Amino acid sequence: TPDKKRRVKLTYKENKIAETIIEPAESSDKRPAVPMADKNAAYDLISFLLQIRKELATAKNSDKKTFTINIFDGRRLTQTDFQIIGEKTIKIAGKKYVTLAVSSRRKQLGGFTKDEIADQDPDEPSMTTYFSNDEKLIPLRMERPFLMQKISATLVKTCGNNESCLLGNRE
């Protein structure tokens with residue numbers, strides 16, 4: 001329900017999950033447990049984003065065009081398959097950027113309820129992410145088809161330091 005605060009806290013010790021706190025607690029009758037070995041072989045959501053960039057850096061220096069990363073969000077285990085599309089030029093606020101375009105698709109692996117499994121569209125469209133084609137590999141734009149159009153998120157500002165990122169502060 002919208003009134004209840006929801007959170008997941010994963011505590012790690014020696015690169016393994018030592019504790020999982022899920023609020024509100026869920027019944028194991030509704031949501032099957034993800035085996036501990038699978039949880040520990042997956043990335044949390046923050047590490048997942050960093051690992052994408054690491055895999056892209058490795059791929060740029062080789063002929064590798066695909067990679068897979070598993071994510072555990074505290075409840076569910078999801079596989080994400082990535083395919084490097086290649087160099088693409090995009091426009092953001094009238095400025096052209098040479099990017100590395102990457103397509104991704106997700107697959108449910110474990111911990112999903114019957115309703116979540118039923119709601120999963122087997123023909124779910126892939127998401128395309130455009131990363132800066134430099135050593136930083138900053139995600140500049142993400143796009144996904146949605147209701148005959150595209151829904152997207154675009155990076156509009158990068159910050160040189162913490163103070164320059166404060167709200168209302170302009171560089």
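Reply: What follows starts with the whole chain, turns to one arginine, and then covers the salt bridges, the pockets and one serine.

This is a predicted model, in which local features need pLDDT of at least 70 and side-chain atom pairs count only at pLDDT 80 or more, while totals for chains, interfaces and linings use all residues. Residues are numbered from 1 along each chain as its sequence is written, and side-chain values use heavy atoms, with hydrogens and water left out.

The protein chain has three helices and eight strands (DSSP runs numbered from the N terminus, helices being H or I with at least four residues and strands E with at least two). In sequence order the pattern is β-β-α-α-β-β-β-α-β-β-β. Of the 171 residues in the chain, 29% are buried (under 20% relative accessible area, with exposed over 50% and partly exposed in between, for a 1.4 Å probe and protein chains only). Taking contacts (heavy atoms within 4.5 Å) between residues at least 6 apart in sequence, 45% join residues at least 24 apart.

With a relative accessibility of 19%, Arg76 counts as buried. Leaving aside residues up to four places away in sequence, Arg76 touches Arg31, Ile71, Gly110, Gly111, Phe112 and Glu116. Phe112 is 36 residues from Arg76 along the chain, yet the C-alpha atoms of the two are separated by 5.8 Å.

Glu116 is also a charged partner: the side chains of Glu116 and Arg76 form a salt bridge, 3.0 Å from N to O (a side-chain nitrogen of Lys or Arg within 4 Å of a carboxyl oxygen of Asp or Glu). Glu116 belongs to helix H3 (residues 114–119), and Arg76 sits between strand S3 (66–72) and strand S4 (77–92), so the pair ties together parts that are 40 residues apart in sequence. Glu116 is partly exposed at 23% relative accessibility. The two side chains also count as making a polar contact at 3.0 Å (a pair of N or O atoms within 3.5 Å, where within protein one must be able to donate a hydrogen and the other to accept it, and residues adjacent in sequence count only if both atoms are side-chain atoms). Salt bridges link Arg76 and Glu116 with Arg31 and Asp73 in a network.

The count of salt bridges comes to six. One of them joins Arg106 and Glu124, 2.7 Å from N to O. Arg106 is in strand S5 (residues 95–110) and Glu124 in the loop between H3 and strand S6 (127–132), so this pair ties together parts that are 18 residues apart in sequence. Arg106 is partly exposed at 48%, while Glu124, at 11%, is buried. Lys64 and Glu55 form another salt bridge, with their closest N and O atoms 3.1 Å apart. Here Lys64 is partly exposed at 33% and Glu55 is buried at 16%.

The largest pocket has a volume of about 670 Å³. Its lining holds 31 residues, and Phe48, Ile71, Thr80, Ser104 and Met127 lie nearest the centre; Ile71 is also among the residues that Arg76 touches. S5 gives the largest share of this lining, seven residues. Helix H2 (45–60), S3, S4, S5, S6 and strand S7 (139–146) each supply at least two.

Ser132, in strand S6, is buried at 8% relative accessibility. Its side chain makes a polar contact with the side chain of Asp134 at 2.8 Å and reaches the backbone nitrogen of Leu137 at 3.4 Å. Beyond four places in sequence, Ser132 touches Val98, Leu137, Ile138 and Leu140.

How values were computed: 1 Å grid on protein atoms, 1.4 Å probe; cavity = no way out; pocket = protein on both sides within 12 Å on 5 of 7 lines; lining within 4 Å. Points joined across faces, edges and corners; volume = space filled by probe spheres on them.
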